Amino acid sequence: MRTISVIVLATTIVSNAAFAQGRGGRGNAAAPAGPPVLLVPDRVWNAVDDAPHDGWAVLVRGDRIEAVGPRAQVTVPADATTIALPGTTLLPGLVEGHSHLLLHPYNETPWNDQVLHESQALRVARAVNHARATLMAGFTTVRDLGTEGAGYADVGLKEAIDQGIIPGPRMQVVTRAIVGIGEYAPKGFAAEYSDDIPQGAQEASGLDDVSRVVREQIKHGADWIKFYADYRWGPNGEAEPGFTQEEMNVLVSVAKTSGRSVAAHATTAEGMRRAALAGVSTIEHGDGGTPEVFKLMAEKGICYVPTVSVGGRNKKTVLGYALAAGVTICNGADSGPLAHGDNAREVEGLVANGLTPLQALRAATVNDARMLHWEDRIGAVKPGLFADLVAVNGDPTKDINALSSVAFVMKGGTVYKKP
Ligand SMILES: [Zn+2]
């Protein structure tokens, strides 16, 4: 079990005053005032080149990276302060591509009980801690893939972080996610009651209804649309596609009309195939994927988020198919079921399942940044991008487990953790 966040709090550097100011603005808290900061680690992995660069330094001004390069070649302003990070590798802030900040591990409370017995206020209070734990683990951006019964609470959580009220990662959110009527859960109630049991996602049925539900979620603040291309609703509880091809086509088409991308939960080859044909941007889990389905995903430029931290035993096999087909692998742990703050385990798990440390690090930085259409803001150590930077003890390009030894976290130029 994860250590509770009192310890994390003790290492928090940023002052409460910085949060209490209630910085305004949608999407970006105001840049921190104060002198430029020179970060001096042992080496920098910039997510652009393969090898880390020994002896490089990074200059941060306001909320942006101003310069990166050999320390002697970085022009350091006279008023700059220096933060020495000995023994560390500095890399871009990591991205958690599949979180559920409104969930906590099922061995603490089963999913059904979280959805049916925990109030939204209780769940939001937990989520505030989850957001902080994620940031302190070096994950400065998340794509949150469903509140699982907590309505639109992810939208408010994101706003609270953006306005500087609570510490947490940058967020893109999907709100409630979409399932076919009868597809999802909680289920198994007496037929007389089952129409009235709250569900872990918003139900829809038919072309008009999927279209309406997509629009409704957008109206309430969804940055992405997520739907369950399959789930365990077959006659014997097996996973079967949750929507017809036509329903998926309409759902994705409405989302894309609004300029939003779509993520599909899918564990079966048929669910993945239909989602791919409908034009989704990412497929989550993919445990039952076949070489043919991954070939289709590669052709259509669809990212694969394998979530090796959860689900079946054949992740290594399907990741092998995906790599062979040339599919872009993205990082997402399904954190929530996996404890928030343990997010680096997924990146380590990608290596345990056949990726090289560099491929896994790319998944959690540049690939995820591109997936989010934020490659002009995050995912690399380059001048002009947000100063979202993390330093870990050791060299994760050689030993991926170094990612769990976080020494320093900066987001948008604000230091949240310092050695
Ligand atoms: Zn999930």
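## A glycine in a loop

G234 is found in the loop between β12 (230–232) and β13 (239–241); helices (H or I, at least four residues) and strands (E, at least two) are DSSP runs, numbered from the N terminus. With a relative accessible area of 12%, G234 is buried, where buried means under 20% relative accessible area, exposed over 50% and partly exposed in between (1.4 Å probe, protein chains only).

A word on the model: it is predicted, so local features need pLDDT of at least 70 and side-chain atom pairs count only at pLDDT 80 or more, while totals for chains, interfaces and linings use all residues. Residues are numbered from 1 along each chain as its sequence is written, and side-chain values use heavy atoms, with hydrogens and water left out.

## The three-stranded sheet

Now for an open sheet: three strands in the order β6-β7-β8, with parallel pairing. Two strands pair if DSSP finds at least two bridges between them. β6 (94–99) and β8 (170–173) stand at the edges with a single partner strand each, so one side of each has no neighbour in the sheet. From one strand to the next, the twist averages 15°; axes here are lines fitted to C-alpha atoms, for helices over the stretch in contact, and angles run from 0 to 180 degrees between N-to-C directions.

β6 and β7 pair in the parallel sense over four bridges, with D144 in β7 as the bridge partner of S99. Strand β7 (residues 139–144) and β8 also pair in the parallel sense over four bridges, and there the bridge partner of D144 is V173 in β8. Helix α12 (residues 357–371) packs on this sheet, touching β6 and β7, and its direction makes about 55° with that of β6. As for β6, six of its six residues are buried, so this strand is largely enclosed by the rest of the structure.

H100 sits in the loop between β6 and α3 (111–117), and D334 in the loop between α10 (315–325) and α11 (344–352), so the pair ties together parts that are 234 residues apart in sequence. H100 and D334 are both buried.

## Helix against helix

Two packed helices are described by the angle between their axes and the distance between the axes. For α11 and α12, the angle is about 145° and the axes are 9 Å apart. V347, L350 and V351 of α11 make the contact with P357, A360, L361, A363 and A364 of α12; contact means heavy atoms within 4.5 Å.

## A buried strand and a buried aspartate

Strand β11 (residues 225–228) points I225 and F227 one way and K226 and Y228 the other, and all are buried. Four bridges join β11 to strand β14 (residues 262–266), and the two run parallel. Opposite I225 stands V262 in β14.

D154 has its place in helix α5 and is buried, with a relative accessible area of 0%. Leaving aside neighbours within four places in sequence, D154 is in contact with L102, D144, T147, M171, V173, V174 and T175. The C-alpha atoms of D154 and A127, 27 residues apart along the chain, are separated by 8.9 Å.

Most residues other than glycine have a negative phi, and most peptide bonds are trans. Where is the cis peptide bond? A185 and P186 are joined by it, with omega about 0°, and P186 is in the loop between β9 (178–180) and β10 (202–204).

Then there are positive phi values in residues other than glycine. E148 has phi near 50° and sits in the loop between β7 and α5 (153–162); at 4% relative accessibility, E148 counts as buried. T307 has phi near 45° and is found in the loop between β16 (303–305) and α10. At 0% relative accessibility, T307 counts as buried too.
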